[in-house]
Amino acid sequence: MNIRVFPDQLGASIYAAALIEATMTRLESPVLGLATGGTMTPVYRQLVDFHKRGLSFAHVTTINLDEYIGLSPEHPNSYRAFMNENLFRHVDVDPARTYVPSGNATDLEKACADYDVIIRSNPVDLQLLGIGVNGHIGFNEPASGLKSNTHVVELTEETIRENARFFEDTESVPTKAITVGLQSILLAKQILLLAFGEKKAQAVRDSVRGDISTSLPASFLQVHPNVTLILDEAAAALL
Ligand SMILES: N[C@@H]1[C@@H](O)[C@H](O)[C@@H](COP(=O)(O)O)O[C@@H]1O
């Protein structure tokens, strides 16, 4: 694993955005695997800034990791709305080539299978990842077994508590989500995992230095040949 530690989140986000730009300009039809969460907003702000300076998204396909079940795409707390608000509506990406799992599909099993077809037909060149304080990636929560493909997941109490900051109260946070599986994440050619703040330090340490374990989904990144961890000093403190 490559590990890059920055004094603060801004410097780290600019670095991440520059790596994304490099992939976008190197390839004719780049596929970006995108993530949501507070970690990602400064990265998307940088990409929007790069777009204002001439970086085009016209040839880009994006595939997001996850979505809450029960929220429509229009719901302000849906991950689709997050992506529209933070990136898509500010750049020239073709909306038809931006994929986010459908959290309000009537047939969720079919929605999962359809999403896997999208992933297999659009191999991800660069996957952006955050990490939960419990070591989840996407919404692959710690469990006795992990799934390889897109699936429905029950969110842990810890994740619900952590994500309540984006909602009015804890009760409004959906208890289930649809997430791409571990195999889909690990199939990406390159992975950037970003983590900031002391809250993430233990999960970062265990993911990098601990055993590979389903109780820490991010630890599976150890088997991937091209992962870069982009951290601030607080998140890197226990390494
Ligand atoms: N499903 C998302 C993850 O994809 C994200 O990486 C993580 C960290 O979120 P944050 O960046 O807000 O700390 O938790 C969320 O629940």
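User: A residue is buried if 20 or more other C-beta atoms lie within 10 Å of its own, exposed if 12 or fewer, partly exposed in between, with C-beta atoms placed from the backbone. Which residues are buried in H4?

Analyst: Cys-112, Tyr-115 and Ile-119. Viewed down the H4 axis, the buried residues fall within an arc of 65°, so they line one face of the helix. The arc is taken over directions from the helix axis to the C-beta atoms. This is a predicted model: local features need pLDDT of at least 70, side-chain atom pairs count only at pLDDT 80 or more, and totals for chains, interfaces and linings use all residues. Residues are numbered from 1 along each chain as its sequence is written.

User: And what's on the face turned away from the buried side?

Analyst: Exposed residues: Lys-110, Ala-113, Val-117, Arg-120 and Ser-121.

User: What covers the buried residues of H4?

Analyst: The cover includes strand E3 (61–64), E7, E8 and helix H6 (182–186). Helices (H or I, at least four residues) and strands (E, at least two) are DSSP runs, numbered from the N terminus. Contact means C-beta atoms, placed from the backbone, within 7 Å.

User: Switching to the sheet. What's the strand order?

Analyst: E4-E8-E7, an open sheet with antiparallel pairing. Strands pair if DSSP finds at least two bridges between them.

User: Which strands stand at the edges?

Analyst: E4 (66–68) and E7 (151–154). Each has a single partner strand, so one side of each lacks a neighbour in the sheet.

User: How many bridges join E7 to E8?

Analyst: Four, and the two strands run antiparallel. Val-153 has Ala-177 in E8 as its bridge partner.

Technical notes
Contact = placed C-beta atoms within 7 Å.
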